Amino acid sequence: MELNDELPLDHKLAQVYRWGAAFCGVVLLVFGCLGFADQLSPFNTDGSHIAGMSTNGVLSLVSVVVGVALIAGAVIGGNFASSLNMVVGTLFLISGFVHVFILDKGANVLGFGMTNVVFSFIMGLVILTFGMYGRVSGGLTHDNPYWRRRHPREAARESVARRGLPAGGPPTGSRT
């Protein structure tokens, strides 16, 4: 199954994936650039704060790289943006869980504080929601390309019914 086959290029869901990726990417890019502007040392864990969160040079670099990746996903759009949002959102959630356990330990090389953990959870859920919007749900409408992909028989029956053909298909040479 090719991801590019699932969603038509002009589908309205592509805009949700694009705008979601762009918004979250810009937020991360701004946070990372503010860290670079403050000339933070790379592995400083003493608690330098930018926008209410502790940071260091490495966290600023990671934020810029992820922000640029999300913006690139927004430019590409479609299923790529959706899949990228889901992967990045999941990584943010995992990062939040990992950093909860290493907050005051030497392994906290990114200088995370509790506000960073909360931000990681919130941003992860937002990015993940943008990525899964219209793809993952129990109540997808029947014109949704993801529903059609998951239910090919029902979709074929509905397509035949829309064209006005009998349920068994076109007539096969029967004489009347």
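Predicted model: local features only at pLDDT ≥ 70, side-chain atom pairs only at ≥ 80, totals over all residues.
The axes of H2 (residues 57–76) and H3 (residues 78–101) come within 7 Å and cross at roughly 155°, so H2 runs roughly antiparallel to H3 (an angle over 145 degrees). Axes are lines fitted to C-alpha atoms, for helices over the stretch in contact, with angles from 0 to 180 degrees between N-to-C directions. The crossing of H2 past H3 is left-handed, that is, the near helix is turned anticlockwise from the far one by less than a right angle.

Residues are numbered from 1 along each chain as its sequence is written. Local features need pLDDT of at least 70 and side-chain atom pairs count only at pLDDT 80 or more, while totals for chains, interfaces and linings use all residues, and side-chain values use heavy atoms, with hydrogens and water left out.

Turning to the whole chain, there are 6 helices and 2 strands, taken as DSSP runs (helices H or I, at least four residues; strands E, at least two) numbered from the N terminus. Their order along the sequence is α-β-β-α-α-α-α-α. Of the 176 residues, 40% are buried, meaning under 20% relative accessible area with a 1.4 Å probe, protein chains only.

The largest nonpolar core has 10 residues: Ala21, Cys24, Leu28, Leu70, Ala74, Leu84, Val88, Phe92, Met123 and Ile127. Such a core is a set of buried Ala, Val, Leu, Ile, Met, Phe, Trp, Tyr and Cys residues joined through side-chain atoms within 4.5 Å. At least two residues of this core come from each of H1 (13–37), H2, H3 and H4 (114–132). Apart from it lies another core of 8 residues, including Met53, Leu59, Phe112 and Val117.

Beyond residues up to four places away in sequence, Leu28 touches Ser63, Val64, Val66, Gly67, Leu70, Phe92, Phe119 and Met123. Ser63 belongs to helix H2 and counts as buried because its relative accessibility is 7%. With neighbours within four places set aside, Ser63 is in contact with Leu28, Leu29, Phe31 and Gly32.

Definitions and conventions. Parallel < 35°, antiparallel > 145°, perpendicular 65-115°, else oblique. Buried < 20%, exposed > 50% of the residue type's maximum accessible area, 1.4 Å probe, protein only. Contact = heavy atoms within 4.5 Å.
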